[in-house]
Amino acid sequence: MEKLLSAQERLLKSKRSRLGGEFRGKFFVILCAVIMISAAIAITIFLGTKGLQSFTKNGVSILEFLTSTKWNPTDKANPAYGVLPFIFGSFAVTFLAALIAAPLGIGGAIFMTEIAPSWGRKVLQPIVELLVGIPSVVYGFIGLTVLVPFIRENVGGLGFSLLSGMIVLAIMILPTITTIATDAMSSLPNHLREGSYALGATRWQTIRKVLVPAALPSLLTAIILGMARAFGEALAVQMVIGNVRDLPNSILDASATLTTIITLNMGHTTYGSVENNTLWSMGLILLIMSFAFILLIRYLSSRRKLR
Amino acid sequence: MKSLKKISMLALLAALMVITAACGGGADKKDNAASKSGDTQELSGSLVVSGSSAMQPLVAAAAEEFMAENPKVDIQVNAGGSGTGLSQVSEGSVQIGNSDVFAEEKEGIPADQLVDHKVAVVGITAAVNPKVGIKDIKKEDLIKVFTGKITNWKELGGKDQKIVLVNRPDSSGTRAVFNKFALDGATPAEGITEDSSNTVKKIINETEGAVGYLAFSYFTDDSVTPLAIDGVEATEENVQSGKFPVWAYEHSYTKGEADGLAKAFLDYMMSDDIQNTLLKDQGYLPVTKMKVERDAEGNQKDIK
């Protein structure tokens, strides 16, 4: 029967079925977007209300929460809810880790794109991808059994320290930084290189004076994405940092971060108690920080477009 | 087109599954097959237990044996911490909530609605690195060590080593028990904080001058040295007779009186079979052999 259809009907039919397909495809994609958006909004609202409860319901002062260095939620007579040491710890390990990982990652990226584009990439890329695949608990376990005793015996202190935390985190965020930095460097237009060579610049001068400045916003984005990951990492850090509630005096002192305090205390506290609510407030701080990181990345990428 | 249809169906299915899993959780796990009738009838249904991660291996082992005897029964034992267990049992999402501490000691738990079943006893003592050279400590000295007033072991007749404290998280049950009965309520000074007993043991073993506290079940080898307190050794007999002060119950809470499967399982936990064999294997002390008892305020008295 099909063959007997007139040309007009055939066209109409195919158009109809195409419209059906168009509609289904559109519906499917919109559904995906709606689910993602609503999940993000729901988490934000939930964390917001939960995190603010300790201030609104339990009467913990926000100022004390953010600026006091005393954390003693279980003291019934005189509880103290100061999370400054943990905020400081989080920032300290994050920046220190970025300090190690950024030069390494960007250096690796330059090596892969400029120095040895063929074999360098072939060797380094799989290694970097391998690092991504290792779960964070394994990093923590290796840190606990290898790094901590090594630092205790060779550097000093207890081994559980900011130093251990920063080394473990640096290795963990290295792949993020390297991958994004490599993409940034290789997407630079070739005429930049050629122009620079034409002016008589050496390879190193080209990299240092032309390519790196041109890719700088993307490189900074790479570093910030790495830092965002470091800021939120809990498990591996918890195993090596020592989880001490005081402000560290040196890089060899044990410390604690927001995430490690949450994971350590989460299971022991009861829902709705002040202690549990203050843990939610710490979660809210983490969320706000990740928003800040995203805003920073947005700002940097808008700068890149202006160029 | 067809593949698109399939993909969208799959996506819808996946979304549905996520939603049902999120909403359903626990609710449909309530003993769906009541088993309240006489003992002769075969038990069936399912039971969800959650709470203290320290108790999880014990309860899971008991549940396995219970399920072997009653093949139609399905018991799930989740860990997650005492706080989680107490919260979940009081809101009714699990039938049994395990806890290392009395429900009365936790904030925000309606303790009057929960019924306590003390299923085991655990003894806790201070543990030191073997090289410290101390095996016995006076309680007042122990308090001074943990509050940071004594900072070197040589002050107590040990080696010239700096004291390194290994603590538990603020809300941990083991920490609460140790602070209350070994330190007489003193707040310990800051030190390395770890949640898992095995990690604590590892740190004490590897770090010179380290001191922490562990349940008796972790003193299986000589990698760490248990301390006697005021000359009383940390042994089962001393806990049972009430001479050694640092011990706690392991609680299984139910909301209201236990009934049906939950009651059958808790009775099974209290049977001589479990109390005298499985508990010992897992390093706990049978609650049935205790010569003293204790209430939520920590008052201890002899059992007549």
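Start by selecting chain B, which has nine helices and 14 strands. Keep in mind that you're looking at a predicted model. Of the 304 residues in chain B, 42% count as buried. Now think about which parts of the chain touch each other: among the contacts in chain B with a separation of 6 or more, 70% are between residues 24 or more positions apart.

**Stop 1: a phenylalanine in chain B**

Select B:Phe265, which you'll find in helix 8 (residues 260-270) of chain B. Is B:Phe265 buried or exposed? Buried, because B:Phe265 has 25 C-beta neighbours inside 10 Å, and 20 or more is what it takes to count as buried. Look at B:Phe66 in particular. B:Phe265 and B:Phe66 are 199 residues apart along the chain, yet their C-alpha atoms are separated by 7.3 Å.

**Stop 2: two loops in chain B**

Next, click on B:Gly298, in the loop between strand 13 (292-294) and strand 14 (300-302) of chain B. With 14 C-beta neighbours inside 10 Å, B:Gly298 counts as partly exposed.

B:Asp184 is exposed, with 12 other C-beta atoms within 10 Å. What is the phi of B:Asp184? About 50°, a positive value, although B:Asp184 is not a glycine. Here's some background for that: most residues other than glycine have a negative phi.

**Stop 3: a loop in chain A**

Hop over to chain A and select A:Asn243. Look for A:Asn243 in the loop between helix 9 (235-241) and helix 10 (258-265) of chain A. A:Asn243 also has a positive phi, near 55°, and isn't a glycine. How about its surroundings? A:Asn243 counts as buried, with 28 C-beta neighbours inside 10 Å.

**Stop 4: helix 6 against helix 8**

Still in chain A, show helix 6 (residues 162-186) together with helix 8 (residues 203-232). Their axes come within 8 Å and cross at roughly 150°. That angle makes helix 6 of chain A roughly antiparallel to helix 8 of chain A, since the label goes to angles over 145 degrees. The crossing of helix 6 and helix 8 of chain A is right-handed.

On helix 6 of chain A, they include A:Leu169, A:Ile173 and A:Ile177, and on helix 8 of chain A they include A:Leu211, A:Ala215 and A:Leu219. Colour this contact by class and you'll get 14 nonpolar, four polar and one charged.

**Stop 5: helix 7 against helix 8**

Select A:Leu192, A:Arg193, A:Ser196 and A:Tyr197 on helix 7, then A:Thr206, A:Val210, A:Leu211 and A:Ala214 on helix 8, and you have the contact. By class, that's five nonpolar, two polar and one charged.

**Stop 6: the largest nonpolar core**

The largest nonpolar core has 141 residues, and A:Val168, A:Leu169 and B:Val128 have the most contacts inside it. Which helix gives the most to this core? Helix 6 of chain A, with 16 residues. Zoom in on A:Val168: leaving aside residues up to four places away in sequence, A:Val168 touches A:Tyr139, A:Gly140, A:Gly143, A:Leu147, A:Ala236, A:Val237 and A:Val240.

**Last stop: where the chains touch**

Finally, show both chains. The contact takes 31 residues from chain A and 33 residues from chain B. On the chain A side, helix 1 (7-56), helix 10 and helix 11 (274-306) each supply at least two residues. Helix 1 of chain A gives the most to that side, with six residues. Colour the chain A side by class and you'll find 12 nonpolar, 14 polar and five charged residues.

Methods:
Residues are numbered from 1 along each chain as its sequence is written. Chains are lettered from A and ligands numbered from 1 in the order in which they are written. This is a predicted model: local features need pLDDT of at least 70, side-chain atom pairs count only at pLDDT 80 or more; totals for chains, interfaces and linings use all residues. Helices (H or I, at least four residues) and strands (E, at least two) are DSSP runs, numbered from the N terminus. Axes are lines fitted to C-alpha atoms, for helices over the stretch in contact, and angles run from 0 to 180 degrees between N-to-C directions. Angles under 35 degrees count as roughly parallel, over 145 as roughly antiparallel, 65 to 115 as roughly perpendicular and the rest as oblique. A crossing is left-handed if the near helix is turned anticlockwise from the far one by less than a right angle, and right-handed if clockwise. Two residues are in contact if their C-beta atoms, placed from the backbone, lie within 7 Å. Ala, Val, Leu, Ile, Met, Phe, Trp, Tyr, Cys and Pro count as nonpolar, Asp, Glu, Lys and Arg as charged, and the others, Gly among them, as polar. A nonpolar core is a set of buried Ala, Val, Leu, Ile, Met, Phe, Trp, Tyr and Cys residues joined through C-beta atoms within 7 Å.
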